[in-house]
Amino acid sequence: MSDLARHIDTLSRANVLCLGDVMLDRFVYGSVDRVSPEAPIPVLRITRDVPKLGGAGNVAANLIALDAACRFVSVVGQDAVGADLLALLAREGVSNGDSIVVEAGRQTTVKTRFIAGQQQLLRADVETVAPITVADRVLDQVERALPEVGGVILSDYGKGVLTDDVVVRVIAAARAAGKTVVVDPKGRDYRRYRGADIVTPNRKELMEATGLPAHSDDEVVIAARRLIETCGVGAVVATRSEQGMSVVTADSVTHLPAEAREVFDVSGAGDTVVATLTAALSVGVGLTDAARLANLAAGLVVGKVGTAVVRTPELLAALHEQEWRHGEEKVAARDEAAERAERWRLRGKRVGFTNGCFDLLHPGHISLLKQARAACDILVVGLNSDESVKRLKGESRPVQNETARATVLASLGCVDLVVIFGEDTPETLIHAIRPDVLVKGADYTIATVVGAAFVQSYGGAVVLAELVEGQSTTNTIKRLKG
């Protein structure tokens, strides 16, 4: 199982406080057969009306969909829409209403979208956009929830729940309690989020907040670091639509490619990103891997229509598909592999190497590869070509051709790069890769491991991995033949 798959499994242990502007999203579906005789507008024949949690409510719904626990704090008005929202929160398993504050005189936000087929005809909003008058009651709910949670989301839709005072006090309380704070921001002045660990603007929001362009990778990094320096936040995770996502800190950058296969609706994608990112961070997943999960989830949710969520099984299925799809990218020729190994070393990574025929992958192979990966940061696997295997094992081998064997190896989470070599030994390849760690099975001695003397000559290590008894491709073939 890959590291990301293991991280997905841990999301069920996440417990996150989500605070922000909740709203009701109504999707009114129907068909258009004619134009109104009263005005040149389409007549929508309504077939169904679907209510969904919107704004911060959708963030909370995404947390629940990931099997995480969520303490949701927000404000609704004392009106019919507020009552509908409370009922929907309970029905979706987000909140029983205990942590939702009701403010008399406030109009609960409802956004109604009228849709014919896949085409949105109109959106009508009814809302109050004003600072809440019940901040003390909101902060009481936050104070009660903080000891129970591992992370805090501030989902700011600019409707008034997250006043400047509320934001300052929640961030201060969360920091004092040692909780990670992630902000989905609104507006142009991010100084109000000072002290937050992460902000997650989209590209347009990043440009508006900094007054800088953010089209290329370099421009995004410059703009993100401007926010970090001037607004006192720890990191920026910028979502960039078809250009993917960028994770920027004061001293590191990771650009993640977009994972969407089809895009139907981008509404709510930011909610999915902040929910997935914070859930992962709250259980100890590192920032880059948490962002990879969030990026994967975003690629799924934009393929859905309307405000939507991503569930854990979908995330796992997408990860498996991604690993299979990206497997070929992990197969490289010798010269390219040497260049990549050098780049890894320049980034402070310890490069390991092992090799073999890996024909009919069995538990012994997996054990060797896992032990090799445990001894380094990056594992490069040398794979004997078909002609090389024939010379070593006989004319009946390999059972699987080199393309199939390389694809299977590349799909493993513990393998970072596969290089096919045609010689009988990997000596030339080892000289090109110059690994920091050379790994071979314990049926060898260090003196008989090909390339050992060379690796040791520049201070590299040679590791002999424990063998799994009774496991070999030859034995497997014999059993298959009976």
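Which residue forms a salt bridge with D125, and how far apart are the closest N and O atoms? The partner is R123, at 2.7 Å, where a salt bridge means a side-chain nitrogen of Lys or Arg within 4 Å of a carboxyl oxygen of Asp or Glu. Keep in mind that this is a predicted model, in which local features need pLDDT of at least 70, side-chain atom pairs count only at pLDDT 80 or more, and totals for chains, interfaces and linings use all residues. Residues are numbered from 1 along each chain as its sequence is written, and side-chain values use heavy atoms, with hydrogens and water left out.

**The big picture**

- The protein has 482 residues, and 50% of them count as buried (buried is under 20% relative accessible area, exposed is over 50%, and partly exposed is in between, with a 1.4 Å probe and protein chains only).
- Its secondary structure comes to 17 helices and 18 strands; these are DSSP runs numbered from the N terminus, with helices being H or I of at least four residues and strands being E of at least two.
- Along the principal axes, the C-alpha atoms fill a box of roughly 80 × 55 × 40 Å.
- Take the contacts between residues at least 6 apart in sequence: 70% of them join residues at least 24 apart, with contact meaning heavy atoms within 4.5 Å.

**Salt bridges**

- The count by this rule comes to 22 salt bridges.
- Back to the opening pair: D125 is partly exposed at 33% relative accessibility, and R123 is partly exposed at 40%.
- K159 pairs with E127, with 2.8 Å between the closest N and O atoms. This one links distant parts of the chain, 32 residues apart: K159 sits in the loop between β8 (151-155) and α5 (164-176), and E127 in the loop between β7 and α4 (135-145).
- K159 counts as buried at 13% relative accessibility, whereas E127 is partly exposed at 27%.
- R169 and D165 also meet in a salt bridge, 3.3 Å from N to O. Both lie in helix α5, four residues apart, or about one turn of the helix.
- D156, D164 and R192 are linked in a network of salt bridges.

**Cores and a surface patch**

- The largest nonpolar core has 59 residues, and C18, L63, F72, L277 and L315 touch the most other members. Such a core is a set of buried Ala, Val, Leu, Ile, Met, Phe, Trp, Tyr and Cys residues joined through side-chain atoms within 4.5 Å.
- A second, separate core of 43 residues includes V142, V152, V161 and V170.
- Leaving aside neighbours within four places in sequence, L277 contacts several residues, among them V182, I198, V237 and L287.
- L121 belongs to strand β7 (residues 119-126) and is partly exposed at 37% relative accessibility.

**Helix α13 and what follows**

- In α13 (residues 386-393), the buried residues are D386, S388 and V389. Seen down the axis, they fall within an arc of 155°, so they line one face of the helix (the arc is that of the directions from the helix axis to the C-beta atoms).
- Those buried residues pack against β15 (378-384), α14 (402-410) and β16 (417-421).
- Just after α13, G394 takes a positive phi of about 110°.
- In the loop between α13 and α14 you'll find P398, which is joined to R397 by a cis peptide bond with omega of about 5°.

- Most residues other than glycine have a negative phi, and most peptide bonds are trans.
- F358 has a positive phi near 50°; it sits in the loop between β14 (351-356) and α12 (363-374) and is buried at 4% relative accessible area.
- R434 has a positive phi of about 50° too, in the loop between α15 (427-433) and β17 (437-441), but R434 is partly exposed at 37%.
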